[in-house]
Amino acid sequence: MATKASKRVLVFDTTLRDGEQSPGASMNLTEKLEVARALELLGVDVIEGGFPITSNDDFEAVRAISREVRKPAVCGLARCVTKDIDRAAEAVREARHGRIHVFLATSKIHRETKLHKTQDEILRMAVESVRHARAAIKDVQFSAEDAGRTEPEFLAEVVEAVIDAGASTVNIPETVGWTMPDELRRLIEYLFEHVPNIGRATIAVHCHNDLGMAVASTLAAVQAGARQVEVTINGIGERAGNASLEEVVMVLDTRPELFGGCTTGIRTERLLPTSRLVSRVTGLVVARNKPVVGENAFAHESGIHADGVLKNAATYEIMAPKAVGLARNKLVLGKHSGRHQFRQRLKELGFRLKDKAVDALFFGPFKELADRKKEVFDEDIAALVESEAVTAPEVWRLCRLTVATATGGMASATVELENLKEKKTERAAATGDGPVDAIFRAMEQMTGVSLKLADYTIRAVTAGTEAQGEARIEAAAGKKTVSARGVSTDILEASARAYLGAINRVLAMRQ
Ligand SMILES: [Zn+2]
């Protein structure tokens, strides 16, 4: 527990629950586990793994995370409904430290139009649910959904009652992004003044970004005494998203004097690798100008700025790039680098891989890349690891690709794929509206999977004409949306790899 007097702000990460609710961000079990491991390494205090009653996938994800992570508490979400709470309890049962998070809307508009309940009924449901959860587990969190638009007097009553019923964390969510930072600060202050037993619980905040206030409001609440911040990596979440973990953490890290010296347990140098991982598995690209983790966050374009930074970085940099895990384009490895050097570099970049995986990367994709590209940068290595990390069981693998194009004419592609299940190689040729289209059509013929492309982007991983290109694809297969990425020094090959990744995902989902 962290009361107002505590100097430690607990970080409650909901990337896997609220974050996963953002359109197009769904993750499979393997990916969720990968993210959960990264969150543990990052040092978050609580991982909200999902909403177990909503689907079997969510239930399994919370259960698998409970078995896997050791340090953070693992939390499952539940409505104030017995069957939700029982399911959440079951999902976190094997966690070293499990938590049930029950929520109920308290605002007038939610009470009257969504729930059709009076204040008394809401109060009773909240108390009964917290009690029911407490019978199953010691650590129970209650959230007053839409607290920002709830009458302060009624909110105070609810908070007092759920603490009495046994909630050790009470969250004041700004569910719809309505409240301004100063209003939320005053609301939290009001609760500290009017709830007699408030010292027996950690007060949390959970802010949405509809008006761009999520981070500011979260921090204002910390100033008022909230000691748990509910955040997501890259700020992903419902609609405009949630308060972003990396921004909240770096504000506390950069300006501690404004927050009574409050700190978090986050290892800030893991911020960038974690951001990249979440971006990769969700397919949600981080804006270049995103604070802390955007590509341009530490880029100085103007001559005056660049000159100032060379003379003294503090002239234009309020955070050290290294502090958030950014290693600047450093030349690290080449064709003649050994396996030991490669392993060492991976470690320094924060990747924890088994020896077998390191060898597979080194003798395969790394050697290949070093042959094609004289200089291999940190970003290249990160891209390699990330693209090789198996996110869906592979059914098809790319063997060869031949493409012919002519300006003004059709393009043709011949693609050779290996079917790993049946252990045979197949080949198909197709024409298309350009080389990428031709490649995709040839793959469709062989795999029988037809995708509707929703988004397709290509970007360079590092600068220069020898740079690796990264292709990202978001595609619809029936009602499901899948995303995948591919990396290569050849952008057509990168595109082919991304498309094939999406096909493999669809096949994995069908099983
Ligand atoms: Zn939310």
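The following conversation asks how several terms apply to this predicted model.

Modeller: Residues are numbered from 1 along each chain as its sequence is written. Because the model is predicted, local features need pLDDT of at least 70 and side-chain atom pairs count only at pLDDT 80 or more, while totals for chains, interfaces and linings use all residues, and side-chain values use heavy atoms, with hydrogens and water left out.

Biologist: Why is Lys290 called buried?

Modeller: Buried means under 20% relative accessible area, exposed means over 50%, and partly exposed is the range in between, computed with a 1.4 Å probe on protein chains only. Lys290 has 13% relative accessibility, and therefore counts as buried.

Biologist: Which residues does Lys290 touch, and where does Lys290 lie?

Modeller: Taking contact as heavy atoms within 4.5 Å, and not counting residues up to four places away in sequence, Lys290 touches Asn234, Ser244, Glu246, Glu247 and Ala297. Lys290 lies in the loop between H10 and helix H11 (303–311), where helices (H or I, at least four residues) and strands (E, at least two) are DSSP runs numbered from the N terminus.

Biologist: What makes Met180 partly exposed?

Modeller: The relative accessible area of Met180 is 30%, so this residue is partly exposed. Met180 is in the loop between strand E6 (169–174) and helix H7 (181–194), and, leaving aside its neighbours within four places in sequence, Met180 is in contact with Leu211, Met213 and Ser217. The C-alpha atoms of Met180 and Leu211 are separated by 8.8 Å, although the two residues are 31 residues apart along the chain.

Biologist: Why is Lys423 called exposed, and what is its phi?

Modeller: Lys423 has a relative accessible area of 69%, and is therefore exposed. Lys423 is found in the loop between strand E12 (411–419) and strand E13 (424–432), and its phi is near 50°, a positive value in a residue other than glycine. Most residues other than glycine have a negative phi.

Biologist: How do you know which residues coordinate the zinc ion?

Modeller: Donors are N, O and S atoms within 2.8 Å of the metal (3.2 Å for Na, K and Ca), and water is not among the atoms, so sites may look incomplete. Asp18 (OD), His206 (NE2) and His208 (NE2) coordinate the zinc ion at 1.9 to 2.2 Å. Asp18 lies in the loop between strand E1 (10–13) and helix H1 (29–42) and His206 in strand E7 (residues 202–207), so the pair ties together parts that are 188 residues apart in sequence. Asp18 and His206 are both buried.

Biologist: What makes a set of residues a nonpolar core, and how many residues has the largest one?

Modeller: Such a core is a set of buried Ala, Val, Leu, Ile, Met, Phe, Trp, Tyr and Cys residues joined through side-chain atoms within 4.5 Å. The largest nonpolar core has 93 residues, and those with the most contacts inside it include Ile100, Phe142 and Leu245. Helix H6 (residues 152–165) supplies the largest share of this core, nine residues. Apart from it lies another core, of 32 residues, among them Leu398, Ala428, Phe440 and Ala475.

Biologist: Which classes of residue are found in the lining of the second largest pocket?

Modeller: Counting Ala, Val, Leu, Ile, Met, Phe, Trp, Tyr, Cys and Pro as nonpolar, Asp, Glu, Lys and Arg as charged, and the others, Gly among them, as polar, this lining has 15 nonpolar, seven polar and 10 charged residues. A pocket is an open set of points on a 1 Å grid over the protein atoms alone, where a 1.4 Å probe fits, with protein on both sides within 12 Å along at least five of seven lines, and lining residues have an atom within 4 Å of a point.
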